[in-house]
Amino acid sequence: MNSSIEEQIQSFRESHNRLTKVLRERQKRRKLQLNSVKEFKKKNPSDNIKASENSKKPSVNKVEHRQQQYQGEKQTSGQESEKTIRNDYCQYFVDSGRRPQNFIRDTELSQRFDEYPKLKELTKMKDSLVKSMATPPTYLKADLRTFDLKSLGIKFDVILIDPPLEEKSPLVAGTNPDYWTYDEIISLFDNVAANPSFIFIWSGDSDGLDRGRQLLLKWGYRRCEDIVWIKTNKKWEGSRFIEPRSIFQRTKEHCIMGIRGTVRRSTDGHFIHCNVDTDVIISEEPPFGSTAKPEELYHIIEHFCLGRRRLELFGEDHNIRPGWLTIGTGLSSSNFDATRYAKYFEPSGYLLGSTTEIENLRPKSPPLRDNSTSKLGGSSGAIMKSKSKKQNNNVMTVPQLTPISAYRWIPTMDVNVYGK
C-alpha cells in the first residue's frame, strides 16, 4: 500500500512540474508579445490612432490587429538583421583583413556547375577530349633575350605570356627592353604565331593594362577580351602589398586576350568554341614572391581554342602541363626536340576536333541568313531601286549602300572581337 501511494504522489509531482513549465513558457511568450507591441507603437505613433479607432470594434479584431503588429515588427527586425549581416562583410574586411570575395560560394571548378547539369556535362566532355588529344608535357630551358624562337620550327595557335614584372610594383607587368625590342617584335611573331592565332598576356593591374594593349598593337594583335583574376586570402590575413599611389586595395589581376587574323564564331566552329567559360577567375592568391597563376586559365584556353599547338613563355616548373610547350629561364631542365615535337601533329593534325555530344550542348551563334531571300537583293529590290532613281532625278544622288542583309549575319560583338 505504501509503495502504491508513493508512486501516485510521484506521478502528481511530475505532472505538476510539467504544468508549471508550460505556464511559465506561456507567460514568457505573452510578455514578449506585449513588449514587441509597445516598442512597435513607440516607433510608429500613427498606429496609436488606428488602435484607438479599432478599440470600438469587437475584441476579436483587437487580437487580430495585435497579431498583425507583431508580425510586422518581426519582419522589420528581420530586414534590419539581414542588412547588418550584409554590411558585416565590409566591416569584417576592415577588422580582420579577410577579403569579401572569400565568401563567394562554389568558386572551385569541381563544384561550380553542380546546379547546372548541362554545363557540368559539357565541361567534363571538353576536359576528357583535351586530355585524350594532349601532347606530352614539353619544356625548354632558354633565355628569351638570346633564344631564337624561329628554331622551334612550328607556328602556334595559342601563346601565353607572363612577362617579367617591374621591381617597383608587383602588380604592373613590365615591358623590359632586354627581352622585347621593336626590331625583333614583328619577325618574332611572324615566325611563331599562326594565322589565325590567339595570345594571352598577364598584365597585372593599373599601368600594366595600358602596357599590355601596347604590346598587342606592336605584335599585330587586336584586343578582344579581358580576363580578371580575383584573388582570395582564405589562408592568410591582410594585404601583402599596398601601392602608395593606389586608392583602393588591389586584389585582382588582368589577362588581356588578343587575336591575330580573322575568326568568326558563327562559321569557324572547328577552331573556336565561344561562351563555354566566363571571364572571371576567383582563386587563392599564391604565397608572396610566387609567380604562379590560376590553373583555371589553362581550362579557359583549352575549352575556347581548338588548336593543339600551345606555347607558354617565361614559364617555370609549376607551369609544365600536358598539351603545352613551356619555355623560360626558371625551368630546371629541358626535354624539347624540334623533330619529335613536330611529329605530334602529323597523324591527327593540329586541331582538337569535337564530338556530336559537345556540339549539341555548347552555346552557338544563330545560323547565317540566306541571301537569296533578301528583300533588297532580289528582283523586287532592283525594281524598288529603279523607282527611287526616277523619283529623285532632280536631287543630288547619294552613293547606294550595300544592304545589311547582303552580308553574312554576325552578332554585334563579333565585329570588335573576331575582326571584320
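## Cysteines

Cys 255 is buried, at a relative accessible area of 0%, where buried denotes under 20% relative accessible area, exposed over 50%, and partly exposed the range in between (1.4 Å probe, protein chains only). Cys 305 likewise counts as buried, with 1% relative accessibility. The structure holds zero disulfides, a disulfide being a pair of cysteine sulfur atoms within 2.5 Å.

## Basis of the model

This is a predicted model, in which local features need pLDDT of at least 70 and side-chain atom pairs count only at pLDDT 80 or more, while totals for chains, interfaces and linings use all residues. Residues are numbered from 1 along each chain as its sequence is written, and side-chain values use heavy atoms, with hydrogens and water left out.

The mean pLDDT of the protein is 75, and 66% of its residues reach 70 or more; pLDDT is the predictor's confidence in each residue, from 0 to 100. Over residues 79–85 the pLDDT stays under 50, and the model has zero contacts beyond four places in sequence for them; a contact means heavy atoms within 4.5 Å. Residues 372–420 also have pLDDT below 50, and this stretch has 42 contacts in the model beyond near neighbours in sequence. Where pLDDT is low, the predicted coordinates should not be read in detail.

## Overall architecture

The secondary structure of the protein comes to eleven helices and eight strands. These are DSSP runs numbered from the N terminus, with helices (H or I) of at least four residues and strands (E) of at least two. Of the 420 residues in the protein, 35% are buried. Among contacts with a separation of 6 or more, 80% join residues 24 or more positions apart.

The protein exposes about 26,800 Å², of which carbon and sulfur atoms supply 53%. Accessible areas come from the Shrake-Rupley method with a 1.4 Å probe; for residues, only the protein chains shown count as cover.

## Nonpolar cores

The largest nonpolar core has 28 residues, and those touching the most other members are Phe 156, Ile 159, Ile 161, Ile 199, Leu 313 and Ile 327. At least two residues of this core come from each of strand 2 (156–161), helix 5 (182–192), strand 3 (193–204), helix 6 (207–218), strand 7 (310–313) and strand 8 (325–328). A second, separate core of 23 residues includes Phe 198, Met 257, Leu 297 and Tyr 298. A nonpolar core is a set of buried Ala, Val, Leu, Ile, Met, Phe, Trp, Tyr and Cys residues joined through side-chain atoms within 4.5 Å.

Not counting residues up to four places away in sequence, Ile 327 touches Leu 140, Ala 142, Leu 144, Phe 147, Leu 149, Leu 152, Leu 311, Glu 312, Leu 313, Phe 314 and Gly 315. Helix 7 (residues 296–304) is mostly covered, with nine of its nine residues buried. Its buried residues include Leu 297 and Tyr 298, together with Glu 296, His 299, Glu 302 and His 303.

## The loop between strands 4 and 5

Asn 233 lies in the loop between strand 4 (222–232) and strand 5 (252–260). This residue is buried, at a relative accessible area of 0%, and its side chain reaches the backbone nitrogen of Arg 99 at 3.1 Å.

Trp 236 is placed in the loop between strand 4 and strand 5 and counts as buried at 14% relative accessibility. Leaving aside residues up to four places away in sequence, Trp 236 touches Arg 98, Arg 99, Glu 284 and Glu 285. Trp 236 and Pro 287 are 51 residues apart in sequence, with their C-alpha atoms 9.4 Å apart in space.

## Local backbone features

The peptide bond from Asn 195 to Pro 196 is cis, with omega near 5 degrees, and Pro 196 is in strand 3. Asp 106, although not a glycine, has a positive phi of about 55 degrees. Asp 106 lies in the loop between helix 3 (59–96) and helix 4 (117–133) and is partly exposed, with a relative accessible area of 36%. Asn 275, also not a glycine, has a positive phi of about 60 degrees and is in the loop between strand 5 and strand 6 (280–284).

Phe 103 is placed in the loop between helix 3 and helix 4 and is partly exposed at a relative accessible area of 39%. The C-alpha atoms of Phe 103 and Thr 232 are separated by 9.1 Å, the two residues being 129 residues apart along the chain.

Conventions
Polar contact = N/O pair within 3.5 Å; in protein donor to acceptor, adjacent residues only side chain to side chain.
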